[in-house]
Amino acid sequence: MNNVFVYCEVTEERLIADVSLELVSKGRKLADELGVKLEAIVCGDQIKDIESILYPFGVDIINYAKDSRLFPYQTLPHFSIVTKLFQEKKPEIALFGATSVGRDLAPRIASFLRTGLTADCTTLEIGNHTENKTGKEYKNLLYQIRPAFGGNIIATIINPDCRPQMATVREGVMKKETLSGNHKGVINFLKVEDYTKNDDFCLKIIERHIEEQKINIKGAQIIVCGGYGMGSKEGFKLVHELADVIQGEVGGTRAASDAGMTEHERQIGQTGVTVRPKLYIACGVSGAVQHRVGMQDSSKIISINTDPNAPINKIADYTIIGDVLEVLPKMIKYYKSNTK
Amino acid sequence: MSFKIIVLAKQVPDTRNVGKDAMKEDGTVNRAALPAIFNPEDLNALEMALHIKDNIKDATITIITMGPSRAAEIVRESMYRGADGGVVVSDRKVAGSDTLATSYTISQAVKKLGKFDLVIAGRQAIDGDTAQVGPQTAEKLECPQITYAEEVIKVDEKKIQIKRRLENGVEVVESKYPCLITVHGSAKECRARNAKFLMKFKKAKSNSELQELGQDYSALWNEKPYLKIDEWSAADIMAEDGRLGLTGSPTKVKKIENVVLTQKESKILTPKDEDINDLMKELISSHILG
C-alpha cells in the first residue's frame, strides 16, 4: 500500500500552519494503522525550521518545492506540483486543510485526478467495506465522516475505487500531537521547473493585506455562544455583555450568523471553528449536529433554552429552562456583585 | 466580438430560515417546509456578472443551472435582473452526483455554449457548503480560477482585477481571459428585479414547464426566441454516461447514522434568581469563572 500525504500550508510568518500540523498528527496515526509512511508536501520558500518542526510530528518524507515564486500561495503552480507528485507517488490518502488555500487547491487536484474529495470531515478512520451488490470486499479504506445536510445525521463517506482518497478538515478539528522529538525523516527537494509550466504563473498578485485575526475564539477558555434564539442583533448584545463580564469570547451558531446577528468569524461548528473551552455557555442554541461537532468536547456546558427538548440540553452539564433574555441579565448581575 | 459571461447558479432548499416545522419528528429535514431559493452566493455571482456587463460593451450573460425542470425559475429570476438567457441541464442520469460528477456535467454544458471569457459562480451552495464545484469546473475547462472574489477592482476586454476575501485578509489578483471566478457572500448583493426585464421575460418558459401547463409556445418562440429557456439532457451536452450521477461519483455514502444523544447527567435549573445565583456561585467557587 502507498503512503499517506498531507499538503502543508505556509503562514505569512513562513511557518507551517497549525491546521497542517494537526493534519500531520492525524496522518501519522492513519499511516501507522495502514503500515505506511507519512509524507508532507510543502511549496514555498524561506520556510523556517521545516525539518525540525515536521519530523517530531512523525513525518517520514518532506517533499519540498522550494522557489520564491511559490509564496504567497497561487492555485496553478501549487496545483501542478501536487498533481504531478501524486501521479508519481500515487498516494493512498491525501489530506488538506479546509482553509481558503486548501478549499481552493484540493478540489482542482481531485478533479484532475478524477478522484473523490470530502469537505469538512470531522472524523477520519480506517475501516473495511463490502459492496452490497457485488459482494466485493475493500480493506482499509478511509472513512470520511461528517455531519450531513438534514438534521441529526452523521454520514460516513468512502471512496472505494479511486486514489488518493482525499479529504479536507477545518482547523482545530484534529488535535496537534507530536510523536517524538527523536523521530527523523528525509527531505526530498522537488525541481520546480520539472513540476510547473510557465503558464502556471499567469495570475498576477497586485497586492495583499494579511492581518492577524481580530476575532480569536479558537483558544478561548470561556465561550458564550448565541444562537438563533437570541432573537435579534439587539438581543445578541446580551451575549457580548456576559462574555465581557466573565472575560470570555463570543461565539455564534450558523443560524445566528446567517441571520446577521453576529460575524461569520465567530461561527462555531462544522463549517466554522471547533472549540474546546473550559466553559461553554449556549444561549438560545438548539444544538444541531453541525454545531455540536464544533463544541462537544468543551469541559463544561451550560445550556439556556426555552425548549426543554433542545438537543443541546442532552450534552449540557446544566440546563436552564428559560428565556435567555431574562436569564443572561441575572447571570451578569450576580457575577458583577460577587466578584471584584 | 461580444464578451461572453456564464453564470453558474443553483436552486437550493432554504436552510437558513428554518422555522419550527423545518425538522420532522425523526430529526430529518422536512424539505416540503423549506422553500426552494436561489442559492445566496450565486446571487452575489450574478451581481458581479451584471456589474461587469455594465462596464463592458456588448457583454452577454448566460445562466447555467443543473437540477429538476423547475430550476428554470432560476434562469427566469436571473433574466428579470439583467441576464440575457439561460439553460437548465436536467436529466435523470445526473441524479446523485457528487461534486466531481457535477463539475463534469456543468463543464460539458459550458463547452456546448462555445468560447467564453468568464465563468462566474457562487463560492458554495448552502445545501452542501463544499465550495468544490467551482475549482473543479475550472480544472475541467482548463482555465485559471479566482476563488473567494469580493469585488471587481478593474475590468476591461483584456483583463480583470479581483479583490479576494481570505480568512485573515484580502488579496488583489489580475487575470486574463478565460477565467473562472467564485464569489464570496461578502460581495455586493444582487440588484433587484428590473420592471422592464420583468415585462419582457415574464413569459419565458422551458419545454417541461409548458408541458405541465399544457401550453404551446411554438408560434411565440418563433417570434420571440428569447422567451425560450433551453433544457439540455446528458446527450445534448455530449456527456459520457459513466461520468454522470452516481456512477460518475467516486464518493459513496457508506452509512448514515442518526445521532442518538445519551443524556448526560444534566442538572435542570429554572430561571429563578436562586437557581441562577447558585449556579454562578458554584462556577466562581470552582474557579471555572473568575
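How many helices and strands are there in chain A? Ten helices and 16 strands. Keep in mind, everyone, that this is a predicted model.

Let's start with the overall build of chain A. Its C-alpha trace spans about 65 × 55 × 40 Å along the principal axes.

Okay, now zoom in on a pair of helices. Two packed helices are described by the angle between their axes and the distance between the axes. Here we've got α3 of chain A, residues 75–89, and α4 of chain A, residues 102–113, with axes that come within 10 Å and cross at roughly 45°. That's why we call α3(A) and α4(A) oblique to each other. The crossing of α3(A) past α4(A) is right-handed. Who makes the contact? From α3(A), it's T75(A), H78(A), F79(A), V82(A), T83(A) and F86(A), and from α4(A), it's D104(A), L105(A), R108(A), I109(A), F112(A) and L113(A). Sorted by class, that contact has seven nonpolar, three polar and two charged residues.

Next up, the two chains together. Chain A puts 73 residues into the contact, and chain B puts in 65 residues. On chain A's side, you'll find 34 nonpolar, 21 polar and 18 charged residues touching chain B.

And there's strand pairing between the chains, too. Strand β16 of chain A, residues 318–321, pairs with strand β14 of chain B, residues 267–269, in the parallel sense over three bridges.

How values were computed:
Residues numbered from 1 in each chain as written. Chains lettered and ligands numbered in written order. Predicted model: local features only at pLDDT ≥ 70, side-chain atom pairs only at ≥ 80, totals over all residues. Axes fitted to C-alpha atoms, helices over the stretch in contact; angles between N-to-C directions. Helix = DSSP H or I, 4+ residues; strand = E, 2+ residues; numbered from the N terminus. Parallel < 35°, antiparallel > 145°, perpendicular 65-115°, else oblique. Left-handed = near helix turned anticlockwise from the far one by under 90°. Contact = placed C-beta atoms within 7 Å. Nonpolar A, V, L, I, M, F, W, Y, C, P; charged D, E, K, R; others polar. Pairing = 2+ DSSP bridges.
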